Amino acid sequence: MKILIVDDFSTMRRIIKNLLRDLGFNNTEEADDGNTGLPKLQSGNFDFLVTDWNMPGMTGIDLLRAVRADERLKTLPVLMVTAEAKKEQIVLAAQEGVNGYIVKPFTAQTLKEKIDKIFDRIEG
Amino acid sequence: MDATPINRDLLLEKAQALVSSLESAETSDEQLESQIDEINSFKDNHLFQELGKMTREIHDSIMKFRMDSRISDLAETDIPDAKDRLEYVITMTEKAANTAMGVIEEGSPVAEKLGAEASVLKAQWQKFRKRELSPDELRAMGKDVEAFFDESDLMMSKLLSGFTEILMAQDFQDLTGQIIRQVINLVNEIETNLVELIKIQGESQTQAKNEPMNKPQGETKLEGPQVPGKESSGDVMKGQDDVDDLLASLGF
């Protein structure tokens, strides 16, 4: 399972990376916004994308749109982990095809639950 | 400066009249003085017109500046709001520091205890290797070893959960970073407005051309972290449970 973590704050990337490692996912890569993340996704056989929303350059929602518009990436599971907590934003993310949505601050347990749920659904 | 031009023809006429009065011996001093005053008034009128124009421009600029609602927004809402946000940054960094120190304070004795028990066992083990243990002592050591294994399992999971707690506490850096960026943007905006104010003073003679300074507005405005007591207007989720309920209602 290869996972790409996209967040403009390196501390948050490190937190998510460590939490994923605790959950048994050791193969992770990082990018600091959509502009650097998208080429990685396009060239790197990723199985899962964890992305922030509010980033300079290309935002998470635009990255999600780009992923869904890309023939080879459109089925990639995407989990959004963001401080954006407005209803209209969550609805927008759902409309654009996000697979899970976590608001910051979050717990290790929440991350585990959402990831389990996403993969249960895909396998089921 | 596009001041009203001096009426040159009229001025020339007055000046020629003054010259002929001067050449004529019959002109009285009073008459000369009044003619000079008349010429002088050309200069005065011009100056007063200029002054009036400048005053009006300064007044207009100041009024325009005052009426720009963004300025009053900054003073009445944004600056107090920024203060509260910075207070929240202090609260969050303090909480993260205390979490980390708390885990360390709890974890250090645990690690020390494990280390101490291991050295007791090591001493016993060395005695055993030298065949210095009686069968009773050997049985006792066996029990101690078992107890140590059980305890170390427990302690290790305690330490590991402590590490996760410290890790999660670092999320403050992202959240406070976002808030501080918002405040930096606000400071930049205030700076721009102050520069504008100084320009109005300096360039009051030229046409004031300050365009209305409006808050930049995107398609979907991103709010960043919700600050307690400062929740954005509109529907804001209180936490992950709210988000989950909303997504469930959307068929997730």
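The buried residues of helix H6 (240-249) of chain B are Gln240(B), Val243(B) and Asp244(B); a residue is buried if 20 or more other C-beta atoms, placed from the backbone, lie within 10 Å of its own, and exposed if 12 or fewer do. They span an arc of only 100° around the axis, which puts them on the same side of H6(B). This is a predicted model: local features need pLDDT of at least 70, side-chain atom pairs count only at pLDDT 80 or more, and totals for chains, interfaces and linings use all residues. Residues are numbered from 1 along each chain as its sequence is written, while chains are lettered from A and ligands numbered from 1 in the order in which they are written.

**Surroundings of the helix**
- The face of H6(B) turned away from its buried side carries the exposed residues Asp241(B), Asp245(B) and Ser249(B).
- Helix H4 (87-95), strand S5 (100-103) and helix H5 (108-123) of chain A are among what covers the buried residues of H6(B).

**Packing against H4(A)**
- The axes of H4(A) and H6(B), lines fitted to C-alpha atoms over the stretch in contact, come within 11 Å and cross at roughly 50°.
- Lys87(A), Ile90(A) and Ala94(A) of H4(A) make the contact with Val243(B), Leu246(B) and Leu247(B) of H6(B); contact requires C-beta atoms within 7 Å.

**The interface as a whole**
- In total, 28 residues of chain B are in contact with 27 residues of chain A.
- H5(B) gives the most to the side of chain B that touches chain A, with 5 residues.

Key. Contact = placed C-beta atoms within 7 Å. Helix = DSSP H or I, 4+ residues; strand = E, 2+ residues; numbered from the N terminus. Arc of directions from axis to C-beta. Axes fitted to C-alpha atoms, helices over the stretch in contact; angles between N-to-C directions.
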